[in-house]
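Trainee: I would like to learn how to read a protein model step by step. Could we go through one together, taking each feature in turn?

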Amino acid sequence: MASWGVTRTPFEFASEAREGMVYGDVYTPKFLADWVAEEMMRCMRRVKRPVVLDPACGEGALLIAAKKAALGHAQLIGVDLDGNSVRRTKRILGMGCAV
């Protein structure tokens, strides 16, 4: 099995407790969220109103990137166990999303 770092598995890496983490949060880097959003929009370019569902939205990196990539034409839906993250994401995205 591939490991992250020298001796850790992806599960061990993801479940490490870090300051401020409540649920073992691992946030998506902006460059990755931007790339995934661009690819999603490219694949759905013929869809009249694409829907983006992020089942673990956290701080909303993917939803924010999707909103920019879709130029506001996508329906954004995000879910997360951490209510504080959901509230921050809603504030950042503003209206027009279901988080």
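This is a predicted model: local features need pLDDT of at least 70, side-chain atom pairs count only at pLDDT 80 or more; totals for chains, interfaces and linings use all residues.

Mentor: Let us start with a definition, because a residue counts as buried when its relative accessible area is under 20%, as exposed when it is over 50%, and as partly exposed in between.

Trainee: Which elements does the protein contain, and how do they run from the N terminus on?

Mentor: There are four helices and three strands in the protein, and from the N terminus on the order reads α-α-β-α-β-α-β. Among contacts between residues at least 6 apart in sequence, 51% join residues at least 24 apart.

Trainee: How should I describe two helices that pack together, and at what angle do the axes of α2 and α3 cross?

Mentor: Two packed helices are described by the angle between their axes and by the distance between those axes. Here the axes of α2 and α3 come within 8 Å and cross at roughly 45°, and that makes α2 oblique to α3. The crossing in which α2 passes α3 is right-handed. On the side of α2 the contact is made by Ala33, Asp34, Val36, Ala37, Glu38, Met40 and Met41, and on the side of α3 by Ala61, Leu62, Ala65, Ala66 and Ala69. Sorted by class, this contact has ten nonpolar residues, two charged ones and no polar ones.

Trainee: Is Ala37 buried or exposed, and with which residues is Ala37 in contact, leaving aside its neighbours within four places in sequence?

Mentor: Ala37, which is found in helix α2, has a relative accessible area of 0% and is therefore buried. Leaving aside its neighbours within four places in sequence, Ala37 is in contact with Leu62, Ala65, Ala66 and Ala69.

Trainee: How do α3 and α4 pack, and what is the angle between them?

Mentor: For α3 and α4 the angle is about 15°, with their axes 10 Å apart, so these two helices are roughly parallel to each other. Again the crossing is right-handed where α3 passes α4. The contact is made by Leu63, Ile64 and Lys67 of α3 together with Thr89, Ile92 and Leu93 of α4. The residues of this contact divide into four nonpolar, one polar and one charged.

Trainee: Now for charged side chains: how many salt bridges does a search of the whole structure find?

Mentor: The general idea is that side chains of opposite charge can pair when their charged atoms come close. A search of the whole structure finds three salt bridges. In one of them, Lys30 pairs with Asp34, the closest N and O atoms being 2.6 Å apart. Lys30 and Asp34 both lie in helix α2 (residues 30-43), four residues apart, which is about one turn of the helix. Lys30 is exposed, with a relative accessible area of 55%, whereas Asp34 is partly exposed at 26%.

Trainee: What separates Glu39 and Arg42 in helix α2?

Mentor: Glu39 and Arg42 are three residues apart in helix α2, so about one helical turn separates them. Glu39 forms a salt bridge with Arg42, and the closest N and O atoms are 2.7 Å apart. Glu39 is partly exposed, with a relative accessible area of 27%, and Arg42 counts as partly exposed at 43% relative accessibility.

Trainee: Where do Glu59 and Arg88 lie?

Mentor: The side chains of Glu59 and Arg88 meet in a salt bridge of 2.6 Å, N to O. Because Glu59 lies in the loop between β1 (51-54) and α3 (61-69) while Arg88 lies in helix α4, the pair ties together parts that are 29 residues apart in sequence. Glu59 is partly exposed at 26% relative accessible area, and Arg88 counts as partly exposed at 30% relative accessibility.

Trainee: Is Ser85 buried or exposed, and what is Ser85 in contact with beyond its neighbours within four places in sequence?

Mentor: Ser85 has its place in helix α4 (residues 83-93), and with a relative accessible area of 0% Ser85 is buried. Leaving aside its neighbours within four places in sequence, Ser85 is in contact with Tyr27, Gly58 and Glu59.

Key:
Residues are numbered from 1 along each chain as its sequence is written. Side-chain values use heavy atoms; hydrogens and water are left out. Buried means under 20% relative accessible area, exposed over 50%, partly exposed in between (1.4 Å probe, protein chains only). Contact means heavy atoms within 4.5 Å. A salt bridge is a side-chain nitrogen of Lys or Arg within 4 Å of a carboxyl oxygen of Asp or Glu. Axes are lines fitted to C-alpha atoms, for helices over the stretch in contact, and angles run from 0 to 180 degrees between N-to-C directions. Angles under 35 degrees count as roughly parallel, over 145 as roughly antiparallel, 65 to 115 as roughly perpendicular and the rest as oblique. A crossing is left-handed if the near helix is turned anticlockwise from the far one by less than a right angle, and right-handed if clockwise. Ala, Val, Leu, Ile, Met, Phe, Trp, Tyr, Cys and Pro count as nonpolar, Asp, Glu, Lys and Arg as charged, and the others, Gly among them, as polar.
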